[in-house]
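Please open the model in your viewer and keep the selection panel at hand.

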Amino acid sequence: MAARTKSRRRAIDLLFEAEQRKVNAADLLRERLAAPVTEAPLNEFTADLVTGVVEHWTEINDLLTTYSQGWSLERMPAVDRAILRVGAFEVLFGEVPEGVAISEAVGIATELSTDDSPKFVNGLLARLAEVKPTLA
């Protein structure tokens, strides 16, 4: 697994854990940076992704809700919400090409979620990339 893919996966894990524990993701990030719970501490890219998602939390959630046809954010599996938040952040605000961000999110959804999730993640993030020019 590529280094950036691992970083994305760790950001998704952290966002998922924060939601499950009902704690603020930024607080959990600070806690993990100060006292790592794994052999390898969180790297800068993972921290940047989590920080970016938290900074744009409301906007990302609003856009996911607006463009996810037939699915409320609350109805989505929690792991899909975490994947979509990281993917949406990268598509809308990140420095990687949109196609790379979408491909990475789909790959992680394939690994971590349901059989239907990769197609859903791909469609929703592709729609965000499509409407991105109109959002500014």
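Begin by selecting residues 6-129, the span that the unreviewed UniProt entry annotates as "domain: NusB/RsmB/TIM44"; UniProt positions are given in the numbering used here, feature names are shortened, and such annotations may be inferred rather than shown by experiment. Residues are numbered from 1 along each chain as its sequence is written. This is a predicted model, in which local features need pLDDT of at least 70 and side-chain atom pairs count only at pLDDT 80 or more, while totals for chains, interfaces and linings use all residues, and side-chain values use heavy atoms, with hydrogens and water left out.

Within this selection, the end C-alpha atoms of residues 6-129 lie 23 Å apart, and the span is 75% helix and 0% strand.

Next select helix H1 (residues 3-21) together with helix H5 (residues 78-93), which pack at an angle of about 130° with their axes 9 Å apart; axes are lines fitted to C-alpha atoms, for helices over the stretch in contact, and angles run from 0 to 180 degrees between N-to-C directions. H1 and H5 are therefore oblique to each other, given that angles under 35 degrees count as roughly parallel, over 145 as roughly antiparallel, 65 to 115 as roughly perpendicular and the rest as oblique. Show side chains at their contact (heavy atoms within 4.5 Å): the residues of H1 that meet H5 include Ile12, Leu15 and Phe16, and those on the H5 side include Val79, Ile83 and Val86.

Finally, return to H1 and select helix H2 (residues 25-34) with it; the two pack at an angle of about 120°, and their axes are 9 Å apart. Which residues make the contact here? On H1 they are Leu14, Leu15, Glu17, Ala18 and Arg21, and on H2 they are Ala25, Leu28, Leu29, Glu31 and Arg32.

Definitions and conventions. Helix = DSSP H or I, 4+ residues; strand = E, 2+ residues; numbered from the N terminus.
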